[in-house]
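I opened the model to look up its charged pairs, its sheet and its core. My notes follow in the order in which I checked things.

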Amino acid sequence: MFYYFFDLKKFKCNSSLFIGSVMEGPIMASEEVIISLNNVVKSFGDFFAVDNFTLDIKKGQFVTILGPSGCGKSTTLRMIGGFELPTSGTMLLNGEDITKL
């Protein structure tokens, strides 16, 4: 038997940015968090591209980031990928701090 669970979360940003995760069973996502963003902020001068963003992605989750232009989607992915450094907050990959890599 397979089932789908959809969880849509909204977080504070200059625009509406949504995180949605879809997990398929019976092989659901484990409780093991592989990517963790905690109170991440990215500002460019007085402009806050990402403002106090927190997200945990568990092993096996399929995550989508949705939102209008300029709301911080690409900036968030660039920080996870190591192409941008957050202004503040922490980012963990498999429990290891990658904030300043």
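**Entry 1: a lysine and its partners**

I looked up Lys 42 first: with a relative accessibility of 10%, Lys 42 counts as buried (buried is under 20% relative accessible area, exposed over 50%, partly exposed in between, with a 1.4 Å probe and protein chains only). I note that this is a predicted model, in which local features need pLDDT of at least 70 and side-chain atom pairs count only at pLDDT 80 or more, while totals for chains, interfaces and linings use all residues. Residues are numbered from 1 along each chain as its sequence is written, and side-chain values use heavy atoms, with hydrogens and water left out.

I then asked which residue forms a salt bridge with Lys 42. The partner is Glu 84, with the closest N and O atoms 3.5 Å apart (a salt bridge is a side-chain nitrogen of Lys or Arg within 4 Å of a carboxyl oxygen of Asp or Glu). This pair links distant parts of the chain, 42 residues apart: Lys 42 lies in strand β3, and Glu 84 lies in the loop between α1 (73–81) and β6 (88–93). Helices (H or I, at least four residues) and strands (E, at least two) are DSSP runs, numbered from the N terminus.

Glu 84 also meets the side chain of Arg 78 in a salt bridge, at 3.5 Å from N to O. Arg 78 is partly exposed at 38% relative accessibility. I recorded Lys 42, Arg 78 and Glu 84 as one network, joined by salt bridges that share partners.

**Entry 2: the remaining salt bridge**

I counted three salt bridges in the structure. One of them joins the side chains of Glu 31 and Lys 58, at 3.2 Å from N to O. Here too distant parts of the chain are linked: Glu 31 is in the loop between β2 (17–24) and β3, Lys 58 is in strand β4, and 27 residues separate them. I found Glu 31 exposed, at a relative accessible area of 63%, and Lys 58 partly exposed, at 26%.

**Entry 3: the sheet**

Which strands form the open sheet, and in what order? Four strands do, in the order β4-β3-β6-β7, with antiparallel pairing. The edge strands, each pairing on one side only, are β4 and β7 (96–97). Two strands pair if DSSP finds at least two bridges between them.

Between the antiparallel strands β3 and β4 I noted eight bridges. Ile 35 has Ile 57 as its bridge partner in β4, and Val 40 stands opposite Phe 53 in that strand. The hairpin of β3 and β4 has two residues between the strands, and Gly 45 there takes a positive phi near 65°.

β3 and β6 are joined by five bridges, also in the antiparallel sense. In β6 the bridge partner of Ile 35 is Leu 93. I checked α1 against the sheet: the helix packs on it, touching β3, β4 and β6, and its direction makes about 120° with that of β3. Contact means heavy atoms within 4.5 Å; axes are lines fitted to C-alpha atoms, for helices over the stretch in contact, and angles run from 0 to 180 degrees between N-to-C directions.

**Entry 4: the core**

I looked up the largest nonpolar core and found ten residues: Ile 35, Leu 37, Val 40, Val 50, Phe 53, Leu 55, Ile 57, Met 79, Met 91 and Ile 98. Such a core is a set of buried Ala, Val, Leu, Ile, Met, Phe, Trp, Tyr and Cys residues joined through side-chain atoms within 4.5 Å. The elements giving two or more residues to this core are β3 (33–44) and β4 (47–58). The largest share, four residues, comes from β4.

**Entry 5: totals**

I noted that 31% of the 101 residues are buried. Among contacts between residues at least 6 apart in sequence, 53% join residues at least 24 apart.
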